[in-house]
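Biologist: I'd like to learn how to read the contacts between chains in a model like this one. Could you walk me through it?

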Protein chains: 4
Amino acid sequence: MSDKPKLRIGLIGTGFMGKTHVFGFATAAKVFDLPFEVELHTVADVTESAARKAAEAWGFAHATADWRQMVADPAIDLVDITAPNALHKDMALAAIRAGKHVYCEKPLAPLAADAQEMALAAEAAGVRTQVGFNYLCNPMLHLAHDMIAAGELGEIRAYRGVHAEDYMADATGPFTFRHDPAGGGALADIGSHALATAEFLLGPITRVMGDCVTVIDSRPGSDGQPRAVEVDDIGRAFLRFANGASGSIEANWIATGRKMQHDFEVYGSKGALVFSQERFNELHFYATTDAAGRRGFRRIEAAPDHAPYGAFCVAPGHQLGFNDLKAIEVAGYLAAIAGKRAEPFGFRAGLRIQTLIETIQNSARAGSWLAVP
Amino acid sequence: MSDKPKLRIGLIGTGFMGKTHVFGFATAAKVFDLPFEVELHTVADVTESAARKAAEAWGFAHATADWRQMVADPAIDLVDITAPNALHKDMALAAIRAGKHVYCEKPLAPLAADAQEMALAAEAAGVRTQVGFNYLCNPMLHLAHDMIAAGELGEIRAYRGVHAEDYMADATGPFTFRHDPAGGGALADIGSHALATAEFLLGPITRVMGDCVTVIDSRPGSDGQPRAVEVDDIGRAFLRFANGASGSIEANWIATGRKMQHDFEVYGSKGALVFSQERFNELHFYATTDAAGRRGFRRIEAAPDHAPYGAFCVAPGHQLGFNDLKAIEVAGYLAAIAGKRAEPFGFRAGLRIQTLIETIQNSARAGSWLAVP
Amino acid sequence: MSDKPKLRIGLIGTGFMGKTHVFGFATAAKVFDLPFEVELHTVADVTESAARKAAEAWGFAHATADWRQMVADPAIDLVDITAPNALHKDMALAAIRAGKHVYCEKPLAPLAADAQEMALAAEAAGVRTQVGFNYLCNPMLHLAHDMIAAGELGEIRAYRGVHAEDYMADATGPFTFRHDPAGGGALADIGSHALATAEFLLGPITRVMGDCVTVIDSRPGSDGQPRAVEVDDIGRAFLRFANGASGSIEANWIATGRKMQHDFEVYGSKGALVFSQERFNELHFYATTDAAGRRGFRRIEAAPDHAPYGAFCVAPGHQLGFNDLKAIEVAGYLAAIAGKRAEPFGFRAGLRIQTLIETIQNSARAGSWLAVP
Amino acid sequence: MSDKPKLRIGLIGTGFMGKTHVFGFATAAKVFDLPFEVELHTVADVTESAARKAAEAWGFAHATADWRQMVADPAIDLVDITAPNALHKDMALAAIRAGKHVYCEKPLAPLAADAQEMALAAEAAGVRTQVGFNYLCNPMLHLAHDMIAAGELGEIRAYRGVHAEDYMADATGPFTFRHDPAGGGALADIGSHALATAEFLLGPITRVMGDCVTVIDSRPGSDGQPRAVEVDDIGRAFLRFANGASGSIEANWIATGRKMQHDFEVYGSKGALVFSQERFNELHFYATTDAAGRRGFRRIEAAPDHAPYGAFCVAPGHQLGFNDLKAIEVAGYLAAIAGKRAEPFGFRAGLRIQTLIETIQNSARAGSWLAVP
């Protein structure tokens, strides 16, 4: 039997992301030597039947329709929030007040002001937090980060990032919470990933010039009547980084045919990196130091050389999946809870993303460059 | 609490594949609505300390250094064998005699005669068996299979398969059990995958012409002295299929730079498919029925359209990983144990692969075509 | 013997582009049924020896160090200008005054005001003009154009274009005419291609927001002393098109590792196109009308279906080269001279590109959106 | 005016390949500093009108319906044969007897015995010959050759070649001369390219085991009645090379969707190369000497580093086309005629290919390995 301390999870939300978190906990517990024995304690949803069904399917001991009660339960160590975005703040603040660690799906909150309140509360309470930006957990992104940090690309000069999908491409699709002017839009929904990756690789963005476009300006509301859409279907930004580089990102959720184009290109004085989430077990690297006539972008395949790939598989080229990235996220977060490392992407990092989004949105509205606060 | 019947697992072996099986059980239990509640009951290894360490790490209740005792334990429902190949037969036969279901890593046994004895024993005992050919569990392979079966490619004419890696490319690497004349060689080790995929897609192979080549003819033995290698580093075969098509496969474990080139191309009268395990969440499809001037191989990305991808992720393009394939294998096997479907790849299928391998090896030695028994 | 009218060429400049033009005339004469018999009459360069050497190598009957005399020579029908950019205007105006057709390498002139003077002069004189934007001559770009025009992509929503190379990536490379504030910079040099392709495919750009960045701010001058660089190494722009779409382009001549990344992505309501000049005999097409579970970007290979590919090769997939694009340009231009079609890309089109460039540059300086005049 | 000696061409045949040869001569004359001034003297075809039309279109001074007269004409220096395969021998022998250099499209002759007679005749007469295997003229193939020769891949161990297209995939397509038992079939038609590339890169093939399959066993004859097809639609071979490597090639002219899959993979002890004619301006190179965690196949793009690319274009990544390969072939041949180099691929090389083809065909019939004579 394990003599590790237990970490009892209280999950709120049983949708796609709730399921993905459960996968993440389960896989992390098998793949990594976690500092805790994770116990799926209680799951909460709006109805008790939904919660009970999820509890049975996923192995939680308890189910409840009252997330407030669960959050206050002394038996719970970590509150995991995968409920709709608008509820993140109340849930997280309640959990923080109860002294729980809080794991919250992205976005941390629809508005930066709310995210700031959450981050400050967590820091004041001394709990550990995590926001779900799992693309950052890809070993190939860490490889890219480390190569840049080690100077393998020389001085970094230019960046181009994109996150494009097509889940909103159908103009007859309904108006959803993602179209809500408070926190909605492509930039907030997926541009957030592009921004997180950009800062993960190149460091702080200092100035932005935004461009937000609504393409499908009306969608069927819940009453079947057309409802005006004000949020961006496409969000773009020019960027300046503190390290001197310039770049751009684009978010597009009506990019017909694209399912997961979370891509970037980084150009330095000595080399370059090209990545696509469409083939996220690969990183393409160009080095000017290769011999003349032998240079080219080389396709590095994920392998045990690229931690923590080796924890999943001892052989190279076998590939991680999307859910594995969530397991890496869980493992990093639990290590932070155990005090073994800094928070990989805590509420302050989540706040940072919201700040970037709002600055870009404001810049787009103003039609001029803005400094990032 | 679950009211599903329990299925208590006894695992033999705690190496790479043992770990992968544990991942598979854990993920399958979360991703799928399995017909059983899987219980990791006992793990066995050659030493009790190794077994105990694995038990703790992976969540087994018991550990033992005596696999025979475990196999005989009435508490165990399913014996899962990931021990070295040479032991598969004894372990499996003991388990079958004890009335257990048996899950055995590939190859089923070094020799087809042994595999046959195992298959017959399992069938006589009425237990359900599974051999670990998890590349076959990829939704994109099932898509390929279904497209071929549905006639989307028309009459199938030609097949080209390859499985190439480079884990034996270093000539200074030691002589291992994989170099043992009984059951060793690239054809047996990875050509088995190429053959399994070929028959999965096109149906039975009826005749073969083999070509087996030893490139590195000596490797350091355990005593540091050179030891002659007789098995193939490269195995090739021309193929004839019962459906009238012809084709070829190649196995190569010294293919410098290749980590997971499990690839195939299928050409029919109306279309074609191209697949590479290097990008195994994609299948490339050419249809002659596309409009003139608009034809081309289209890159289909794995999506909920392609079961059981949707059980892992509701969004397209997010990608499965290698370990997810094992979870699919587990789920299919458990469904077979529950009587809900035929064995996906039981001992008879494992025997079939060994038969194909030996026929190709015999053909290579004879330098002439042989009918597959 | 040919009874076609002769078209006697007077070429100015014997560098890379002069050579490429000669290749273009030679290939066009063989590949196409041109309306003229092209005669390489006279070549001019700064020294007579250089001109004579080129004449001999390329088959011109005459050589001269005096381009003014050549331009005035009644024997010349078409003046082909591949001299440095700063000379284009004087040469072109002189040729127009002499009633010659004028073929001018890009850029038409460093400044839009000059380009306008040239375009107006040509139109007043009634001569036919051509500016060398040969990437537009690619049959796959024409396919893309025609698919968009025919509505195969539905309503066009978004565009992303880039032209990145690395010929200026070395910070120790000398200050050249391409760094001259009047007409220099990445946006003018290669962003011009990105803009030309964008308008070729989607029609007029109406508004722009520019971003111009100087990365290497000093280069060795001809005296070996550092000379300040003021032009952009990277130029970006957000775009609005008259058809309602939005988009962006980027020009980057310090993109280490990139040799010819002239790429675009077009997203419409019913489909999408993806193209890279790195593989310019392919066009990738996604159609929402493909069957569910069978959709994907399909790689269309250049073939006789895509005119004028068939004039070069009757078999598909054999591929055109860069010089072949120039031959297509020549053929189109000669057809325009013969009155069989409109100018493919005359001086007015060249002026348009300069106008776009300057508007983007002005926008970048102003830090705000500008309407394209 | 050129003071180079004239080389007066007599071309037989005005079809696709005749045109390609004319393109080759024209481009070569502009791109390279040829040792001769090429003069397109006479073109011959079966009717004088066809010949005359071609002469006018392509710039030949004379046209004739009597190739024998042309071949005997003292004004002709080089006879260029692009007539149907069955006529190659008579034409070439006549030309050789008249002391002409002979440039002959592939295959040199339907049967190796004929090819041998031709090679011996040419050698006896001391004329220079060339067979049209222009894929070998690709700078990237020369790069591959040179890298292998220089030991950059270490000891060469394995080879996999394929040449697949789909021009015979339609079962309703007519019986043509390519289906003639004497010299027809996929192996002869396109497998010849795969064999030529294999020997170009790895040196002599010593033993083969063939597999020839007729898939479409009847096609409409010229009278509309079904006519039995005996030649192979798919030809495969296992190979042994004199350098110790083993390999395989496949020829398939019914590979639906493939337009130009002339591909190879070469695996050595220190590196590997992967090439596809579908993207023939690239060569992919894996080096074990790259740093750990940074290894991968790198995509080398054709550039001036790779002669003679630089003669076509001074900038990298601009790409050569199919017709450019023919120009390189012409230039190499003319250099051989001028005594500046050995024949790049003369009649003896053409004979070699026919010998390989027949040995593979004989092996397939015998069902056993055969030594290559």
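Biologist: How many residue pairs are in polar contact between chain A and chain C?

Modeller: Keep in mind that this is a predicted model. With both partners at pLDDT 80 or more, 20 residue pairs are in polar contact between chain A and chain C.

Biologist: Which strands of chain A supply residues to the side that touches chain C?

Modeller: At least two residues each come from β7 (156-164), β8 (205-213), β11 (234-241), β12 (246-252), β13 (261-268) and β14 (271-276) of chain A. Sorted by class, that side of chain A has 21 nonpolar, 14 polar and 12 charged residues.

Biologist: And how many salt bridges are there between chain A and chain C?

Modeller: Six. For an example to look up, take Arg258(A) and Glu265(C): their side chains form a salt bridge, at 3.3 Å from N to O.

Biologist: What area do chain A and chain C bury between them?

Modeller: About 3,100 Å², with 51% of it on carbon and sulfur atoms. On the chain A side, Arg157(A), Phe238(A) and Thr256(A) supply 23% of the area buried against chain C, more than any other three residues. In residues, the contact takes 47 from chain A and 47 from chain C.

Biologist: Let's turn to chain C and chain D. How many residues of each are in contact?

Modeller: There, 44 residues of chain C are in contact with 43 residues of chain D. These two chains bury about 3,400 Å² between them, 50% of it on carbon and sulfur atoms.

Biologist: How many salt bridges and polar contacts are found there?

Modeller: Four salt bridges, and 16 residue pairs in polar contact, both at pLDDT 80 or more. One salt bridge joins Glu282(C) to Arg279(D), whose closest N and O atoms are 2.8 Å apart.

Biologist: Which element gives the largest share of the side of chain C that touches chain D?

Modeller: That's α1(C), with nine residues. By class, this side of chain C has 20 nonpolar, 12 polar and 12 charged residues.

Methods
Residues numbered from 1 in each chain as written. Chains lettered and ligands numbered in written order. Predicted model: local features only at pLDDT ≥ 70, side-chain atom pairs only at ≥ 80, totals over all residues. Heavy atoms only, no water. Contact = heavy atoms within 4.5 Å. Buried area = accessible area lost by both parts, 1.4 Å probe. Polar contact = N/O pair within 3.5 Å; in protein donor to acceptor, adjacent residues only side chain to side chain. Helix = DSSP H or I, 4+ residues; strand = E, 2+ residues; numbered from the N terminus. Nonpolar A, V, L, I, M, F, W, Y, C, P; charged D, E, K, R; others polar.
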